[in-house]
Amino acid sequence: MSSSKIQVRGQPLLRVPARNHRMTHLVICGVSTKRHHREINALSSNSGPSLDSVPTRTDKRQFLRGDGNGKFGRFGGKFVPETLMSRLIELEDEFNFVRCDHEFQEELTTALRDYVGRETPLYFAERLTEHYKNIVPTIEGGPEIYLKREDLSHCGSHKINNALAQAMISRRLGCSRVVAATGAGQHGVATAAACAKLSLECTVFMGAADIEKQSFNVLSMKLLGAQVISVEGTFKDASSEAIRNWVENLYTTYYLSGTVVGPHPCPIIVREFQSVIGKETRRQAKQLWGGKPDVLVACVGSGSNALGLFHEFVGDEDVRLVGVEAAGLGLDSGKHSATLAFGDVGVYHGSMSYLLQDDQGQILKPHSVGVGLEYPGVGPEISFMKETGRAEFYTATDEEAIQACMRLSRLEGIIPALEASHALAFLDKLVPTLRDGAKVVVNCSGRGDKDLDTLIQRGMPSSFC
């Protein structure tokens, strides 16, 4: 196997070849780790493992929340050039300080309330609940379905929670400029808005294909004062360019990560600022029915909205955590973003996690109709949840997501983002397995205005036109 030298320039950035097809172990920065086994026999061509094969917990202890150094079991870490280490340590120190700093927390809480519009409602989807009672003959009373309405946040998604908080940290570190990468454009819009509010220069890298699909969000970013730079490829390529730009301008520029991937402390920072979703959900559930949710459901691209909802309930073993990946055109097609279903362990963008890669360790191109899910990896904490069995992971196809988007639009008057629609689509398989009166919370992580062109191009059935 060739040398595992990490490059700062050239391709790939901050990435170590994960494996050789003739080897039985991964070698990552000199550390050998057993190859992950694909359980292909547990997968269907469309929607992943069946509900009859829910993964079994492998650790009998209380679920670990990490070791304090960004490691979750074997996942996470800092696989970066030495030039980045001091900056990441400085970022970690500042983050640890602001978590306990009354002045910072008061400013953030006020901004989340008055600027972002928190708290977002936990909405009882009455007609969607009735829909499943009517179409599933085995259901008597059936479960109750609630939506955590992150689509009502300023800029239309959960992304603003983290973008605003990190922009505040950027200002504290003396950075006058912020760089970010975006796929569906929601993180780009949120970052641009936060930077406008805090008088910071903003540059957003975005894949050329995504720019074409998400023209509404591109115009929004530009209107908010951001410079949008087109990158050949998709979100993974935009992320590489954003990190590269950050490395070249370390002491004037802040890299504002939008999801729970990258070197420590980036995943922890994003998860911490998104955990407001789960904290509100716990409080609202207590008010609405006097207890906790039975099942939490969220889409999984790289993992920010899922961890935002899940993290508060990680220690509540009576609460099921269900993540839904993008099966794209079907798992057998090779055109999907189902990293947890088909991935192997490797290092990419500075941390160890499950990745979509070929037998030579080269990253595969992901696909999803929800472009925000088109990333070939997941965060280390999500990877650990899979490995330990704390969370369950399934998939939904492009077509299933589109149908779920249309269903919610017609039944509840809510147009969800196609990313969130993957979580909604999985209700078709989940609901028939649940007891009467079970409380299900789906993270409606974004609104679907940005996806209307895609829905039209895909040809909405006449019944929906």
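Helix α13 (residues 380-388) is largely enclosed by the rest of the structure, because 7 of its 9 residues are buried; buried means under 20% relative accessible area, exposed over 50%, and partly exposed in between, with a 1.4 Å probe and protein chains only. The model is predicted, so local features need pLDDT of at least 70 and side-chain atom pairs count only at pLDDT 80 or more, while totals for chains, interfaces and linings use all residues. Residues are numbered from 1 along each chain as its sequence is written, and side-chain values use heavy atoms, with hydrogens and water left out.

**Helix α13**
- The buried residues of α13 are P380, E381, I382, S383, F384, M385 and T388.
- G389 follows α13 and has a positive phi, near 85°.

**Chain totals**
- The chain holds 17 helices and 16 strands, taken as DSSP runs (helices H or I, at least four residues; strands E, at least two) and numbered from the N terminus.
- Of its 465 residues, 61% count as buried.
- Among contacts in the chain with a separation of 6 or more, 75% join residues 24 or more positions apart; contact means heavy atoms within 4.5 Å.
- The accessible surface is about 17,900 Å², and carbon and sulfur atoms hold 50% of that; the areas come from the Shrake-Rupley method with a 1.4 Å probe, and for residues only the protein chains shown count as cover.

**Helices α5 and α7**
- Helix α5 (residues 186-198) packs with helix α7 (residues 215-223) at an angle of about 15°, their axes being 9 Å apart.
- Axes are lines fitted to C-alpha atoms, for helices over the stretch in contact, and angles run from 0 to 180 degrees between N-to-C directions.
- That angle makes α5 roughly parallel to α7, a label for angles under 35 degrees.
- Q186, G188, V189 and A192 of α5 make the contact with N217, S220 and M221 of α7.
- These contact residues divide into 3 nonpolar, 4 polar and no charged; Ala, Val, Leu, Ile, Met, Phe, Trp, Tyr, Cys and Pro count as nonpolar, Asp, Glu, Lys and Arg as charged, and the others, Gly among them, as polar.

**Loop residue I415**
- I415 lies in the loop between α14 (398-412) and α15 (418-425).
- With a relative accessible area of 38%, I415 is partly exposed.
- Not counting residues up to four places away in sequence, I415 touches C405, S409, R447 and G448.
- The C-alpha atoms of I415 and A404 are 9.9 Å apart in space, and the two residues are 11 apart in sequence.

Conventions: Parallel < 35°, antiparallel > 145°, perpendicular 65-115°, else oblique.
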